[in-house]
Amino acid sequence: MSNQMKALEKSRPEEGLWMVRAPVPEIGPDDVLIKVHKTGICGTDIHIWNWDAWAAHTVPVPMITGHEFAGEIVELGRNVEGLEIGQRCSGEGHLIGRKSRQSRAGKFHLDPGTRGIGVNEQGAFAEFLRLPAFNVVPLPDAIDDEIGAILDPLGNAVHTALSFDLVGEDVLITGAGPIGIMAGAVARHVGARHVVITDINQDRLDLAARVADVVPVNVGTQDLREVMDGLKMKEGFDVGLEMSGNQRALDQMVESLVMGGRIALLGIPPGQSPVDWSRIVFKAITIKGVYGREIFETWYKMIAMLENGLDVRKVITHRFKVDAFRDGFAAMLSGSSGKVVLDWT
Ligand code: ZN
């Protein structure tokens with residue numbers, strides 16, 4: 001292979017990404033080289049595209065962005081065992097240390113020194129990606145490349161949705177972005193009774209209803225309490241999955257939960273936001289912050305569910321050849337897309 005590749009790079013500290021020629025990464029003894037087939041555009045990539053305060057503070061330039069990918073292994077480091085050239089794969093984009101207490105306890109996703117591909121390390125928006133063999137997740141034939149390319153955000157959805165037992169429970173999801181929508185599909189798959197998803201973006205609520213058997217509610221125009229009455233929910237939702245980072249959504253969630261309800265928080269508020277803690281105390285609510293995916297338990301569960309009927313394909317609303325990446329980012333920036341997948345083949 002030539003030692004140059006196409007890559008989508010944050011080349012300068014300003015808005016945009018640029019298609020550049022970059023050297024194919026050299027792999028170390030414990031790494032593999034992956035030929036990238038498809039990638040998903042994440043909200044994180046939009047922050048980097050926009051070059052907002054978080055991105056400017058976090059991402060060194062130049063940096064090849066992207067962390068949602070599927071591809072195939074084309075080179076193995078000399079210490080790598082148990083993987084083969086030609087193996088189709090996705091992989092965990094968090095590169096972890098092995099020294100922290102949590103890491104040594106096997107809770108790899110809680111390692112405080114984690115580095116992210118496409119954020120702190122060269123990423124997956126490229127023809128080739130270097131990844132530690134440890135991070136590789138082989139893909140079964142039943143999972144094609146475009147689903148493989150969205151396993152990272154599906155993993156966020158699975159991790160959040162499986163935070164609490166959902167069997168027979170009524171679940172409120174606030175925020176109908178792709179992860180919220182996929183969490184709705186997961187909640188139904190694992191046996192929730194009613195899954196209500198709220199947003200104020202009607203396009204996304206319509207998408208939610210196409211992807212999963214959920215009840216979409218536009219809280220800009222509908223009364224959530226009336227919806228709950230219509231579903232004959234007497235006391236409130238048992239579990240809340242907060243995906244929006246929106247203060248009013250969280251307040252509404254707390255109000256709508258049963259006594260002793262449980263909340264998993266994945267949405268990130270834009271800054272500090274006031275919380276009515278006494279309400280949470282008196283309702284005896286449990287809150288769990290959700291970070292990333294459990295490595296590799298979430299991956300295992302997600303693949304098992306995909307092999308057994310979980311279907312999230314309709315959440316992919318746009319597909320582009322990578323040379324049309326600007327159209328892909330435009331679709332994301334419109335705020336009404338589902339997942340956008342870029343094809344590198
Ligand atoms: Zn992502």
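Predicted model: local features only at pLDDT ≥ 70, side-chain atom pairs only at ≥ 80, totals over all residues.

Now color Cys42 and His67, a pair that links distant parts of the chain, 25 residues apart. You'll find Cys42 in the loop between strand 3 (31-40) and helix 1 (43-50), while His67 sits in the loop between strand 4 (63-64) and strand 5 (68-76). Cys42 and His67 are both buried.

Next, select helix 5 (151-161) together with helix 11 (residues 297-306). How do they cross? Their axes come within 9 Å, at roughly 100 degrees, a value that falls in the 65 to 115 range, so helix 5 and helix 11 count as roughly perpendicular to each other. Show the side chains at the contact: helix 5 brings Leu151, Asp152, Leu154, Gly155, Val158 and His159, and helix 11 brings Thr298, Trp299, Met302, Met305 and Leu306. By type, that makes seven nonpolar residues, three polar and one charged.

Stay with His159 for the last stop. Is Ser163 buried or exposed? Its relative accessible area is 17%, which is under the 20% cut-off, so Ser163 is buried. Finally, bring up Lys288: its side chain and that of Ser163 are joined by a polar contact of 3.1 Å. Leaving out residues up to four places away in sequence, Ser163 touches Ala264, Lys288 and Val290.

Technical notes
Residues numbered from 1 in each chain as written. Heavy atoms only, no water. Helix = DSSP H or I, 4+ residues; strand = E, 2+ residues; numbered from the N terminus. Buried < 20%, exposed > 50% of the residue type's maximum accessible area, 1.4 Å probe, protein only. Polar contact = N/O pair within 3.5 Å; in protein donor to acceptor, adjacent residues only side chain to side chain. Contact = heavy atoms within 4.5 Å. Axes fitted to C-alpha atoms, helices over the stretch in contact; angles between N-to-C directions. Parallel < 35°, antiparallel > 145°, perpendicular 65-115°, else oblique. Nonpolar A, V, L, I, M, F, W, Y, C, P; charged D, E, K, R; others polar.
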